[in-house]
Amino acid sequence: SDVYKRQVPTDAANHNRKSISLLVKQVVEKNNFDTNPPDLICATRGPGMVGSLASGFTLAIGLSVAWNKPLVGVHHMLGHLLVPRLKSNGTKPCYPFLSLLVSGGHTIVVLSKSLLVHEILVDTLDIAAGDAIDKCGRELGIRGNMIGKELEVFLNNHKDQWNQEIKFDMKEPMQNQWDRKDVLAYSFAAFNSQVKSSLKKYHNSEIPKDEKIVARMAHLTMKTIFKHLISKIKLAIKLNKDKMEGVTDFVCSGGVASNILLREMLQQNLSTNGIKNFYFPEPRLCTDNATMIGWAGIELFEDAKLTTDVGTTVFRKWPIDKILDVDGWIKNNE
């Protein structure tokens with residue numbers, strides 16, 4: 001179907017090129033931007049697939065030039081990290097704060113000391129948590145365009161099966177070796193392998209027809225993935241006590257952050273580790289969205305006095321701890 005085709009990078013880029021100008025044209029006409037344009041143009045500059053990023057960023061450059069308005073090229077993950085501050089007009093969460101940015105493409109724990117100073121405390125050795133959830137969900141027979149969300153809906157419909165006994169081998173990775181147990185890194189690739197091996201061991205590699213059995217398997221898998229997320233956050237807090245002084249605010253953002261079970265587990269487990277305030281964006285602001293990019297751009301423009309040169313391009317890789325280490329930033333001192 002067209003939906004699945006758009007998941008292929010080249011097709012996704014072509015779809016963006018065909019659609020974005022038409023969508024922006026509708027917005028311009030609806031809001032009379034031709035005669036009263038916005039004061040600031042914000043667009044994602046990276047990291048991500050260059051083909052898809054280039055469509056939006058190039059259009060943003062065109063609007064900036066046509067309307068003679070400043071441009072801010074925003075870091076994708078900074079958008080996720082800052083979006084909870086939109087609700088409080090940039091006052092909460094307060095720096096320094098800790099964040100779990102978890103999605104299908106990224107899973108990192110970040111210590112944010114200021115708008116422009118961020119330190120990655122935990123990164124992934126292989127795939128992201130959201131990617132692992134999607135892969136495991138497919139192995140268990142979950143179908144749809146957003147597997148993680150479909151899996152959560154499926155589990156919510158079978159809450160009576162949560163924590164029921166099940167023959168299913170599922171363990172948190174990086175716990176059985178001393179030289180890996182205390183490593184500040186995630187590893188999610190093993191979860192899909194465990195699902196496959198358990199299905200082979202107990203069900204001849206077939207998905208059980210009984211949804212209750214599948215629900216037990218799925219809940220154990222998701223819960224263990226979230227347990228892995230939390231274990232490394234707790235380890236990061238333990239091994240960085242000096243850096244964690246004064247850190248009481250915690251942000252969880254990104255597509256997976258809309259999951260209610262994850263939110264509950266984070267609050268239950270981190271409240272005893274010095275975290276007092278938890279900030280979760282409303283679900284529509286968890287997945288990739290224009291609002292978070294706009295807000296991050298506003299903070300960069302108003303607080304950091306930064307804009308982006310229109311003679312720049314996008315980045316496939318751009319670590320969040322190196323936000324300023326790219327070309328094209330313009331410091332506005334007035």
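I call a residue buried under 20% relative accessible area, exposed over 50% and partly exposed in between (1.4 Å probe, protein chains only). The model is predicted, so local features need pLDDT of at least 70 and side-chain atom pairs count only at pLDDT 80 or more, while totals for chains, interfaces and linings use all residues. Residues are numbered from 1 along each chain as its sequence is written, and side-chain values use heavy atoms, with hydrogens and water left out.

Entry on positive phi. I found N204 in the loop between helix 8 and helix 9 (211–239); helices (H or I, at least four residues) and strands (E, at least two) are DSSP runs, numbered from the N terminus. N204 is not a glycine, yet its phi is positive at about 55°. With a relative accessible area of 68%, N204 is exposed. K305, in the loop between helix 11 and strand 9, also has a positive phi, near 60°. I noted K305 as partly exposed, at 36% relative accessibility.

Entry on S187. This residue lies in the loop between strand 6 (185–186) and helix 8 (189–203). Why does S187 count as buried? Its relative accessibility is 8%, so S187 counts as buried. I then located a polar contact of 2.7 Å between the side chains of S187 and D126; the term denotes N or O atoms within 3.5 Å, where within protein one must be able to donate a hydrogen and the other to accept it, and residues adjacent in sequence count only if both atoms are side-chain atoms.

Entry on cis peptides. G46 and P47 are joined by a cis peptide bond, with omega about -10°.
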